[in-house]
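Dear colleague,

Please find below the structure that I am handing over to you, followed by a short account of what was found in it.

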Amino acid sequence: YPCRNLRASNLGHPCERYLYLLIKHWDEQKPHDVGLQNIFDLGNTLEEHTINNIKEAGYEILTPTVRSWFIDKPYITGREDIRIKDENGELLPVEIKGLSPFEWEKLNTIDDFFKSKKAYIRGYPAQLQIYMLKFGKEKGFFALTNKLTGETKFIEMAFS
C-alpha cells in the first residue's frame, strides 16, 4: 500500500536512498512472500503473548486506540505497541520485539543494539526514540521476547 511519508519503524534503516525509494516508488516494491508474511503473523501472536507476560509482571498497560499518529517537520507517522505505567503513574512507551534465541541472548543493553551485526536491530532504537519524542518522555522500554522460550525481558532506553 502507498507509503507517503517516513515511518517510525523504518527510520533506523542505514540507507537514506532506501527510505526515499520506499516513499517515491512504493508501487514498485515486491509484495512479501508467504514465508515472510508468516513471520509477521507470528510476530503479532507473540506480541499478545508479550503483553500477557507484562501484565502478569504487574504492570498496568495502555494499548493505543488510534491507528497511528504523526510528528510534523519532518512528517513521521508511528504507532507505539503499548505504554506502561511506571511507579509514578507516568505512561512510558514500550516497543515489543520477538527475537530468535540467539539475538535475544545478545541484547541486554541499548549499546548491544548498536553493536549488532544486523542492520534491522541497529535500527530499533530510532523507532523507540521517535515514540519518546512524540510523548515527551525521557525514557522508554523494549520488551524483548524469546521466540523459542516465550521469556520476556525489558531493556530501558534514555531519550537522547
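In this predicted model, three strands make up an open sheet of mixed pairing, in the order 1-4-3. Strands pair if DSSP finds at least two bridges between them; helices (H or I, at least four residues) and strands (E, at least two) are DSSP runs numbered from the N terminus. Strand 1 (6-7) and strand 3 (69-71) are the edges, each with a single partner strand, so one side of each has no neighbour in the sheet. Strand 3 runs antiparallel to strand 4 (residues 76-78), and three bridges join them. Within this pair, tryptophan 69 is opposite glycine 78. Helix 5 (residues 119-135) packs on the sheet and touches strand 3 and strand 4, contact meaning heavy atoms within 4.5 Å.

Glutamate 80 is found in the loop between strand 4 and strand 5 (82-85). Its relative accessibility is 1%, so glutamate 80 counts as buried (under 20% relative accessible area, 1.4 Å probe, protein chains only). The side chain of glutamate 80 has polar contacts with the side chains of tryptophan 69, at 2.8 Å, and arginine 83, at 3.2 Å. Such a contact is a pair of N or O atoms within 3.5 Å, one able to donate a hydrogen and the other to accept it; residues adjacent in sequence count only if both atoms are side-chain atoms.

Residues are numbered from 1 along each chain as its sequence is written, and side-chain values use heavy atoms, without hydrogens and water. Local features need pLDDT of at least 70, side-chain atom pairs count only at pLDDT 80 or more, and totals for chains, interfaces and linings use all residues. The mean pLDDT of the protein is 93 (the predictor's confidence in each residue, from 0 to 100).

Yours sincerely

Notes. Axes fitted to C-alpha atoms, helices over the stretch in contact; angles between N-to-C directions. Buried < 20%, exposed > 50% of the residue type's maximum accessible area, 1.4 Å probe, protein only.
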